[in-house]
Amino acid sequence: MKDIAAAVPRDIDELVSLVSGASGEIAFIAGGTDMVMALARGASPDLLVDISQLRELAFIAAEPDRTRIGAATTLSDLAENAHVMERFPALAQAAMQVGSVQIRNRATVGGNIASAMPGGDLLPVLKCLDARIHVLPRDGKGASHPFDGIVLGAGRTALANGSLITEISLPRAARKCCTSAFAKLGRRDALTIARLILAAAVEYDEASGTIGSVRLTAGAIGPAPARLASVECVLAGRKVDAHLARDFVCALGAAVDGAIAGRPSHPYKRRAVAGVGLDLLQRLLGRAFELTPDEGLRP
Amino acid sequence: VKHVSTSHPILDGYEKVTGRLAYVGDMPIGGLLHGSLLFSPVAHARIRAIDVVQAQAVSGVLAVFHHGNTPDGGYNSSMWFEGQQALEDERMFPPVVRFAGDRVAAVVAETREIAEHAVGLVEVDYESLPAILDPETALARSGELTDESGNPTFNNPIIDVRFDYGDVARDFDSADIVVEDTIATPKTHHCAIESHACVAVPEPDGRILVLSPCQSIFSVQYVVAKALKTASSEIRVIKTPIGGSFGGKAEPILEPLCAFFARTLQRPVKIELDRTETFTSTRMRSKAVGRIRTAVDRTGRISARDTDVIVDVGAYSTGGEYLPASMSQRLCRLYRIDSQRFRGRAVYTNTPTTGAFRGYGSPQIHAISEINLDNVARRLGMDPVELRLRNLVEPHETDPVSGLALGNARVRECVEDGAAWFGWADRWRRPRSIGRFRRGAGMACATHINGCFPGYHEAATVGLRLAADGAVHLTCAVHDLGCGSNTVLAQIVAEVLDVPPARIVISAADTDICGYDLGTRASRMTYVCGEAARRVAEKLRERIRREAALVLNCAVSDVLVEDGHVRSSYGSERRLPLGALAAHVERSIGAPIEETETFAAVANPGSYAAHFTEVEVDSLTGRVRVLEMLASHDIGRAVNPRLAEGQIHGGIQIGIGFALFEDVDVCPSTGRVRADGFARYPIVNTPEMPTVQVLFIERRESTGPFGAKAVGEIATIPVAPAVVNAVNHALGTRLTELPLTPERILEACAGL
């Protein structure tokens, strides 16, 4: 057994001087929704840094070419932010479905990334939206990294000891008609660990009913979120019609086959992804798609 | 009536929501030591050696306990009275561990952190033994239950219960239709908010005081004494406030250990399990697999039924030997069936130990019989409500096997009124949807008992004392498990004495001051203890009238007890508060106004219910949403309608979990519980709850207090079969393995 030193820096400068001088394993705690459980399970860092008082890390800032979100922003704040809801609906939808109200009031964006869980709700969305992750290493020389450069998955990140995620930035979409959506399947509606996640960002011209470019990612079918290029191809440049949903669902099933064939969860997930896919399309395009039972059950 | 049939607020509700009520884990106790347990990671093994040197060396550790230095006395944690015969197959720490989660060792230290750290340093050398993880395989290991010296052999079956009545063979031969199903129910966990905890304190006189959130202080006292090989009077048990039990705390698990550690170390000791330990090492509902055949004629009359159930009770027998009989009884109290055959076997497996859980076998056997009955209705092309109405028992019939009277059994009203309120007929006839989201309607009936009569000493002893300030002190070994039984007893006493329920002071159950009582189990609180409370209150009322007659100078028959006062029906100007009367009597004759009454139950009527539900199944993901539930209950009288309604909401919550979500998921190769915490064991939370409508059928039961019958356990019994029947109705499937996980649902859909 060892004692864990704890510190509560009041601002970034204090944090940097604290962390740069510390030795041993450093852990950060913000909302504590993951870290408290990790500590209960026996995690014992040498220094636990409480960043919940760093108000300068809790912000959502809309800039001309990007939107910056502080790492200590709570998921409740993210889910209810008008700018995020309008510009990045997938992110607001994902935040809204994490845990329960109590968890969302404490859990933070940075924590969700740093935990890097296979079912981490925000992760596929951040990857889909091409988020950059800003990291403050112990030397105090912050830099931004692509999502894949930080989140390795299955609980692992590329963050060096004592490095803190400070913010994420989302590039502004080039075209106005770009929209995004998120869909998740768990055992329950609320307070549930995701078994399947889909996120998509598309250009959609409502007038012509045509989809332009597409980015589509999936979560919980591998250690880290994955971009499903084969599914993107099915949607990109496509006119939205009755066959779209069927082709989309088929492509999703094939993508799940490719990701987890042989795993115990495979037979279920390759079927259930059809339902998640239709939920995603409905949120993305604002209209419901119906499949015949055969198409749905045996894609 | 003034105080019964009113929704009086729960007595300790304010203290609970404001955090003023201390549970045993939070009680400040000077010099408290902390115990931490080591559990077996393997399903079956002999312990070759335990190395405690490193653990013992940790600063702050007082002792390390294991099978080598603790009493080897066998006990059965379900025992509840002196001299009871039961399979005494448990020990504090066994030399052979029988399930992954069995107790191997314990460290007692100055702090919980030190104890937890040190217990991780205990090294155990296990010699692996073959494990039986499946109940059907378990049957093959048959033989005598004990050897020549009386030691348990762990052979199967623990018990083999059979009955038959009528001409079963003939009735099956002449039946128009026979429908057979094999229906399986999972092992599920109670998930009480308060995990298992206990404190034991050495008293100056050498006795051990056990503070326990339990369901029966006398059961705890007896089991602890037996485990410690000491006299029961050496153990004093006080029931602490309980953060939920549902049967999970019916059996003492930590108490024998805690008491032994405290006695050995002569310091108070606390053991408090965490959530995972509570899941893996305490108790759960037994798994049941039932093969059932039902014979009917074309009109839907059930002529015969044949039921064969195997109950997996896990590693230790506990009360498992009572389960098959308990199940069989339910099959004889709901429908009028010409002939029946039943066989129920309970078997040991090397999986977690099971025990009491709300309904005690009833949820399992009703899942088996009520799902099968819907399959019968389907074969007949008959409305399931209609099928049931043709076969239900009527009031005052007799159970053909036990000969017990069913009492004022109003199950027909439950079904008829429930179906009407729910709009059953329209929902049932609605054509099956072929879209993604498919709705279905389902229903199920249930019966349950009211106490243990005619079993072992089904009696309750209640004492009442009128204090000089007008308060009425109630003494009874009563264990409010959080559902409000104290409130209900207070309302009953208040009704008889015409005082506000808040003036009834109920002491915590304490073996030093209470008369023997079975404790909170078998849906007996309101029906048996409530009747004892009503009777002693009547007795106290008569005593009050006799004393008042002397003071008021009138005939006893002229004394009125009303509104907290006594007065003479003539000359109402002399009106004396009850407290003043008590004070006067204490001053003049020095004796308190108190009475005690032991009431032995004289009947065991059936409580009945019918639940109706509508579900929506996502045919693409296999997810089920329970949209609506109407619960119709034959309750005699709802003494406290809001608390009764609360019981039913909670029963529905557990029942939906049983139908759709919950399974501790014992790994078929290692025997380990895979769903060992809330992350992997989904329960029904508020967002999953349907709209609930409760209907009380209040036709008085003459043997119950003010006509009341039990509702606590039956509230959960019809839920699961109703939900399963609704899913099968929605999809046209014949799902028979609970819980209906999305995987099972999609598989069944694919097979259509």
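These exercises, each with a worked solution, concern a predicted model of chains A and B.

Local features need pLDDT of at least 70, side-chain atom pairs count only at pLDDT 80 or more, and totals for chains, interfaces and linings use all residues. Residues are numbered from 1 along each chain as its sequence is written, chains are lettered from A in the order in which they are written, and side-chain values use heavy atoms, without hydrogens and water.

**Exercise 1.** Find the order of the strands in the open sheet of chain A, and name those at its edges.

*Solution.* Strands are DSSP runs of E, at least two residues, numbered from the N terminus; helices are runs of H or I, at least four residues. Two strands pair if DSSP finds at least two bridges between them. Step one: the order is β11-β12-β13-β14, with antiparallel pairing. Step two: β11 (178-185) and β14 (226-227) each have a single partner strand, so one side of each lacks a neighbour in the sheet. Step three: β13 (residues 210-219) and β14 of chain A pair over two bridges. A:Ala226 in β14(A) is the bridge partner of A:Ala218.

**Exercise 2.** Describe the interface of chain B and chain A.

*Solution.* Start with contacts: 26 residues of chain B meet 23 residues of chain A. Then take buried area, the accessible area (1.4 Å probe) that two parts lose on being put together, summed over both. The value is about 2200 Å², of which carbon and sulfur atoms give 57%. B:Arg436, B:Leu620 and B:Arg623 supply 27% of the area that chain B buries against chain A, more than any other three residues. Now the charges. A salt bridge is a side-chain nitrogen of Lys or Arg within 4 Å of a carboxyl oxygen of Asp or Glu. The rule finds five across this interface. One of them joins B:Glu743 to A:Arg187, with the closest N and O atoms 3.8 Å apart. Finally, the elements: α19(B) gives six residues, the largest share of the side of chain B that touches chain A.

Note on methods: Contact means heavy atoms within 4.5 Å.
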